[in-house]
Amino acid sequence: MLLPGCQQRKDDINPAESPPRKVMDIARIKPRVAEFCGDCHAVPRPDTFPKEAWRREVERGFSFYSESGRHDLAVPPKGEVASFYETLAPERLVVNPPQGETEGGDRTIRFRRSSTDSPELEPPAVSFVAWLSLPNQDHQRHLFCDMRSGLVSVATVTLQGSSVESLTILKNPSRIALCDLDGDGLDEIVICELGSFTSEDHHRGAVVWLQWDRVQGTWRQRLLVSGLGRIADVRGGDFDADGDTDLVVAEFGHLRTGRVLVFENLGIERGMPKLREHVVDKRHGAIHVPVADLNGDGRLDFVALISQEHEVIEAYLNSGDFTFARKPIFAAGDPAYGSSGIELVDLDGDDDLDVLYTNGDTFGSDFLKPYHGISWLENQGGFPFIEHRLAEMVGVQRAVAADLDNDNDLDIVATGFLPQNLVAAPELANHDSLVWLEQKQPGRWARHSLERAKFLHAALAVGDFDKDDDIDLAVGNFQDLEGSREPWLTIWWNASK
């Protein structure tokens, strides 16, 4: 009997009688957000996601805390935290087309392209490619790994054709290094095994050794370390100066697994190196761990890029006894910054090592990010390094330095890689998926677009592939889309000569 009396038309409602809209008390909730969300990483900035995404992001953040096992923080109301970010966030993220020269601009280099054959069974998922000589060969070829098929292979590519030879097969290989573990004078292949194609917490990760058997003329697959989280990088170096090769390992893990590890080589037992584990950093999310003597004391140090919510680059200075002093190189200031890679290189020619850094990781997100790009972290003799933003680039995955135009300074080549749900976004038509930053003068860069809208490149290598005294490019393709099959590798032959 009461129902008909409630059927008042919307137009008949007196606004003066409507309940007042609740206003978010920013000043009250902000310190509680900072205390809770900023306890173990930088406080998230509201402008890193649009309004529509923040409730989900806050839900994820609260889940991470509940799953961490911690109970020591004052937990603010989840709804208030979500409303705080929704109030301050932009309606949408605006990603503008890149500024700079285009394909038809004043560019002195032209490229010709060729490729390997396409994989026969599954779309390619090339996560790493390098131009190098294997220990059983006297010539260089492209060594690459495919995360989906598990193949570790070498490719010979010319303008006339290509061939691919499989060396071994693992489950989900992610990266490869060459180092001499058994002291026989040959650099053998050391492979990072993720243990799963997608990000998960488990202990199926491993470090695998491909040893060249001179007598049999074959590769032998040997397990160096198992029972780890997802392994993203491994590098060799003699950290204790005892004449053998130790290993530094980036155990990316996921949420509850992940560390930075150094494995001390104790010598060879029954043909295998005996390794002792040293945990150097307990944070998850390590991507790259390049090795170098950073402070000129004659001892090898290393640098680690640690992503996930940490988003930092740190130097680990070697004390000589497998302990390392941690020094900050860079901190992004936001847990969603999307770090994707580093390279140690003397970019300005002043005889010290700088860091070439990219942040373009968009996996786990549904949005293109306007703050993704390429940075030069300049070493001026102290810590942290000085950041110079060189270019904005959505989805930038990998950047390497090389002198493409033979003018005796280092340029930069960078590739883009985006998840399947973003690859077909119409706004990407005007965005670079392969770019050349030409160093015109020290510290001044000109942007040249080499390719647009094909964000399938997770791997990149450079070198003089055809021995004509200029630098060529090799991009690895990583494809999740159905339809036409991409090749494993695409070679960009520098035709400037």
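Predicted model: local features only at pLDDT ≥ 70, side-chain atom pairs only at ≥ 80, totals over all residues.
Buried means under 20% relative accessible area, exposed over 50%, and partly exposed in between, with a 1.4 Å probe and protein chains only. Helices (H or I, at least four residues) and strands (E, at least two) are DSSP runs numbered from the N terminus.

Beyond its neighbours within four places in sequence, Y357 is in contact (heavy atoms within 4.5 Å) with residues including L305, I313, F330, I342 and L377.

Because 6 of its 7 residues are buried, β19 is largely enclosed by the rest of the structure. β19 and β20 run antiparallel and are joined by 6 bridges; strands pair if DSSP finds at least two bridges between them. E343 stands opposite L356 in β20.

## Second largest pocket

A pocket is an open set of points on a 1 Å grid over the protein atoms alone, with protein on both sides within 12 Å along at least five of seven lines; a cavity is a set where a 1.4 Å probe fits but cannot get out, and lining residues have an atom within 4 Å of a point. The second largest pocket holds about 550 Å³ of space, a volume being the space filled by probe spheres set on the points. Its lining has 25 residues, of which F128, R175, I176, R235 and R398 lie nearest the centre. The largest share of this lining, 5 residues, comes from β2.

## P442

P442 lies in the loop between β25 (432–441) and β26 (444–452) and is exposed, with a relative accessible area of 80%. P442 and G349 are 93 residues apart in sequence and 8.8 Å apart in space, C-alpha to C-alpha.

## Basis

Residues are numbered from 1 along each chain as its sequence is written, and side-chain values use heavy atoms, without hydrogens and water. Local features need pLDDT of at least 70 and side-chain atom pairs count only at pLDDT 80 or more, while totals for chains, interfaces and linings use all residues.
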